[in-house]
Amino acid sequence: MKVLQVSAEIFPLLKTGGLADVAGALPAALMAAGCAVRVLLPGFAPILADLRDDTTLAELTAPWGDVVRVRQGVLTSLGVHAYVLDAPQLYQRAGTPYEDAQRQPHHDNHLRFALLGWVAAQLACGLDRHWQPAVLHSHDWHAGLTSAYLAFGPAKGRRVATVFTVHNLAYQGVFAPIHFYDLGLPAQAFAVNGLEFHGQLSFMKAGLYYSDHLTTVSPSYAQEIQTPEQGCGLDGLLRVRAHDLSGILNAVDEAVWNPAHDAAITAKFEAKKPAGKARCKAALQQALGLAVQADAPLFGVVSRLTEQKGLHLVLAALDALVARGGQLVVLGTGDAALEAAFTARAAARPEAVSVRIGYDEAYAHRIFSATDVTLVPSRFEPCGLTQMYGFKYGSLPLVHRVGGLADTVVDCALENLADGSANGFVFTEFTQQALERAMRRALALYARPTEWRSVRQRAMQQPLGWDQAAAQYAALYRQLVAS
Ligand code: ADP
Ligand code: GLC
């Protein structure tokens, strides 16, 4: 079955968060599950630079006049066939894929990402006469217009099934209504039964409204987004679409995240041979100027510093953690106030707290390898990958019971320790007090090294690879194509 994956990011070429990790891991996993996968990506510089054996498939003029060369070839780093949108006027910019150097959204984001959906629909309609997908699988708002363009496009050939995956409903791609007229969609699309959202146009809503099937990246999140609390204004539509909505839990790309083979970390280790982990910890403590103490429980945060991630709770609980002998290492970037607050705490307690503001893939690996606990106290979390990287690297996750965190982490309560299901620490109330209690549970278990090691070993041995999720996606594709 031919599947075209449509996304704005892909690891290892372009990543701002977990979306890239998923987009980078899924093609190989789906191919192992029997699908023929190709990807469609915007022509950001690192993506174009990775494309080899490429040819021009077509030169097209978008409905609003931008000219795009659709190139195809193989992505060297992934070994996957890719279609890439070569439109330097749209994608060769300073800043991130979404924001300029001043952290403001690029003024023409509606066009930059409409193009992704528009070309996806062209491919579904036979743009490449040698390869026509049976399934279009698009990810997040950036690819949200895919199914809308297909719904109104030239329906040449057979029907193409559409799957839209919500990685984060909080980022919706909402634009002023005036921009609707650029998109080349018929006027009827700008309606409540369409992509209109409170008078604006919403790429996320387009994906939710026009796609055959919707998935989220964990089963819990599929339920949560149907409530007003977490529906971000779209819960009504999601309840209407509940029969076409399911959750498929993300997984870990074990070719990238595996302490037995990780070149980025100080010493390699695995569940049954964990000695290297202590060396990773000592080396990191030393390098960061933390007190080099093997028995000081080391907590880690690798995260975007945004409201979503609940890190103000960590700031609030930090003194209590340090007073109990804990240490904290943080790697993150984002909200300026959070960056400043964490930086100030590190300056105040350099022997116990280390903070690096920035984005550093290799350093993230070192943190998971060195820490005892990975903190993920998110207010909401569609899936979350870092708690699973914590499992892999023997850094037990401490999480808020929400979304994918609730679906993956089992608290070290006595009954869960007794039946062997415990793999981390979970708090339910989203408060400083609840976080502190969970930290105390972590410290109490840490003070019992034999039990700690046995929970850690089981956490590391959990099956976390993509095969199960890929099998679920493949089954979904088959079902949609057959219907
Ligand atoms: P989200 O996608 O909401 O940011 P996830 O947990 O799904 O959250 O994925 C985050 C990904 O980004 C992980 O691969 C994590 O290691 C990585 N990451 C986040 N912040 C940084 C950073 N500052 N430096 C390096 N990697 C980071
Ligand atoms: C989003 C979510 C995160 C999820 C990731 C990959 O960025 O915030 O929870 O793990 O996408 O699906």
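User: Which residue has a polar backbone atom 2.6 Å from an oxygen atom of ligand 1?
Analyst: This is a predicted model. An oxygen atom of ligand 1 sits 2.6 Å from a polar atom, and that atom belongs to the backbone. The residue is Gly-18.

User: Which element gives the largest share of the shell around ligand 1?
Analyst: Elements giving two or more residues include α1 (18-32), β14 (327-334) and α13 (386-392). The largest share is 3 residues. These come from β13.

User: How many residues of the shell around ligand 1 are charged?
Analyst: There are 21 residues around ligand 1, with Lys-15, Asp-21 and Arg-304 among those that come nearest. The shell has 6 nonpolar and 8 polar residues. The charged residues number 7.

User: Which domains each give at least three residues to the shell around ligand 1?
Analyst: The protein is divided into domain 1 (2-251 + 466-482) and domain 2 (275-460). Their C-alpha centres lie 33 Å apart. The shell draws at least three residues from each of domain 1 and domain 2.

User: How much area do domain 1 and domain 2 bury between them?
Analyst: In domain 1, 21 residues contact 22 residues of domain 2. Carbon and sulfur atoms carry 53% of the buried area. The total is about 1,500 Å².

How values were computed:
Residues numbered from 1 in each chain as written. Chains lettered and ligands numbered in written order. Predicted model: local features only at pLDDT ≥ 70, side-chain atom pairs only at ≥ 80, totals over all residues. Heavy atoms only, no water. Near = heavy atom within 4 Å. Polar contact = N/O pair within 3.5 Å; in protein donor to acceptor, adjacent residues only side chain to side chain. Helix = DSSP H or I, 4+ residues; strand = E, 2+ residues; numbered from the N terminus. Nonpolar A, V, L, I, M, F, W, Y, C, P; charged D, E, K, R; others polar. Domains from an automatic or database assignment. Contact = heavy atoms within 4.5 Å. Buried area = accessible area lost by both parts, 1.4 Å probe.
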